[in-house]
Amino acid sequence: MVEQEQLQDILNDCIDRLGRGASLEDCLTSYPAYANDLRPMLEAGVVTRRAYAPVSEVVEAQERVRLQIAQAAAQRVPAAPVSRRPGRLFAALAAILIMAFGVVGVLAQGSLPGDALYGTKRLSETLVNIVAGGSQSPEDQFAERRLEEIEALLALGRSETVGFRGEIEIMQGAIWRVAGLSLSITPETTGVEGSRLGERVDVTARTTASSTLIAQTIIPVETRELAEPLPEPDEDSDEAVMPSPTATTLPNSPEPSATETPVPSPTQTATASPAGGPSPSPEGCTPVLPPGWVIYTIQPGNTLSGLASATNTTIDDLLAVNCLEDARFIVAGQRLYLPAQPAVQPPPPPPPQPGGNPGGGGSRPPANNNDDDDGGDDDD
Amino acid sequence: MIVLVLPDIPAEDRLLARARQGDQQAVMEIYEYYFPPIYQFLRLRVSDAQMAEDIASEVFLKFVNALQGRSAPRKTLRGWLFRVARNELSNHYGKSSKMPTTTLDDWMPAPVDTDPEVQFMRSLNIERSRHALRMLSSEQQEVLVLRFGQALSLEETADVMDKSISAVKSLQFRAVNTLRQILSQMRLEIDHG
């Protein structure tokens, strides 16, 4: 009996040591008198680890559950002193959704830009706005939901294009705050010049893998509405319908196509100017134009891999020199440092058109739900 | 491939503190870090992958919801998560019904392996290892998964399992010896099968 207690203690010590990374043999040599009894016990215990699920199974399950947790975190954990809560609207919303969309409509409420059900979610919100009539509350509620989605995307480190509306609260150099969200302004951001503190603006931006929000366009609400009257002139609905670029998640940069392979041209050069170069990353990495490199304006259809091969360099080098974090995160019109100018340069990009394509999506390729980078809706 | 979470308590404390202050990034870091061990723990205890995934998701939703409240984990996050996972498991199966265990009869002998005991144990694949583990009692399975699989300390394990330290010590002793017997029997069946 005493001996068994001793053996229990020794076994326990060995389990602790295994847990700290020691080998089974290490422990056996510490207790030579017990080695014969201990070995099969420890070997049996280690069988537990052999019963583990394959890593791929764990990773897939983790992918599927991640979105749920990020959204719960975005809703439950107040990110700022101001807490945002889906309020009394919810019951009415649920009823309408079940009538109009069935269970899918309710499920879609948890979707994020880039998810398959996200279109359903936006459509259902438009419907609720119509049903709710002149009430002010739904629009604000949906604006909050939009912000929650962005927070969830940031928490996930997922790269998507998003749109939201809000007041410019802080303008401090390249970091602004709009609607409580901290926004990185880059030289490529359009609409920066005309913006004033306290102004209400529509913002399109991109969430990045490093959880920053990079502004693409900033459009004052009034300007856009004067230039481009919204389809529903109801006085209360001015906040309900966002123009297409802000309402839709755009697909990621197109994949490299076989036909588009620009060839470097030794004749073309460009001069470097601090303002014309790539945007500094929020981490403080500042792009520096290496000797002999040129500034290139990204054309629609360009990909980083295409540009890298066209200029005889690597994606990694381009990422490093340009302080980019994600090869997928390049947009037409953005400026990039390249070792050489690709010879066949498509026509210069059209000037940014604030508020163009209202209510559209028609002129754009359909959002492809970006299944490739979230994997969140895989079935088993 | 072995997923083993080694205790790194100070880092865990900092992360938990950030999560409690409302840092969503910290919540997601905790998720990324602890999902695999929690999932593995559950997966060994249930025979269905989907069920393990659902329960794991429930565990982390509980965690997110608990962050602001009184039941929030305060000291050991890992212990808290495993305890919730354990509770969810028993909720799932109900207090009265037994968790799934299998018997030797269910087990189909696999290709002949005439090596000695230890060689046999080392040669086990996932299916056979799981099969052997599931022949143990629920508590024996749990103590082995927590101590050997997840390297929880004796104290943490006692906390998760709501037992005294000495009870865990003798439970783990019985568990390894029972598992050893099960494995020997398996080996004999293969030899004669």
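Reading a predicted two-chain model

In the hairpin formed by β4(A) and β5(A), where 5 residues lie between the strands, A:Ser211 has a positive phi near 65°. This is a predicted model, in which local features need pLDDT of at least 70, side-chain atom pairs count only at pLDDT 80 or more, and totals for chains, interfaces and linings use all residues. Residues are numbered from 1 along each chain as its sequence is written, while chains are lettered from A and ligands numbered from 1 in the order in which they are written.

User: Why are β4(A) and β5(A) called paired?
Analyst: Two strands pair if DSSP finds at least two bridges between them, and β4(A) and β5 (residues 213-220) have 7 bridges in the antiparallel sense, so by this definition they pair. A:Thr207 stands opposite A:Leu213 in β5(A).

User: What joins β1 (residues 161-172) of chain A to β4(A)?
Analyst: These strands run antiparallel and are joined by 7 bridges; A:Gly166, for example, has A:Val201 in β4(A) as its bridge partner.

User: How do you know that chain A touches chain B?
Analyst: Residues are in contact if their C-beta atoms, placed from the backbone, lie within 7 Å, and 43 residues of chain A are in contact with 50 residues of chain B. The largest share of chain A's side, 15 residues, comes from α4(A).

Methods: Two residues are in contact if their C-beta atoms, placed from the backbone, lie within 7 Å. Helices (H or I, at least four residues) and strands (E, at least two) are DSSP runs, numbered from the N terminus.
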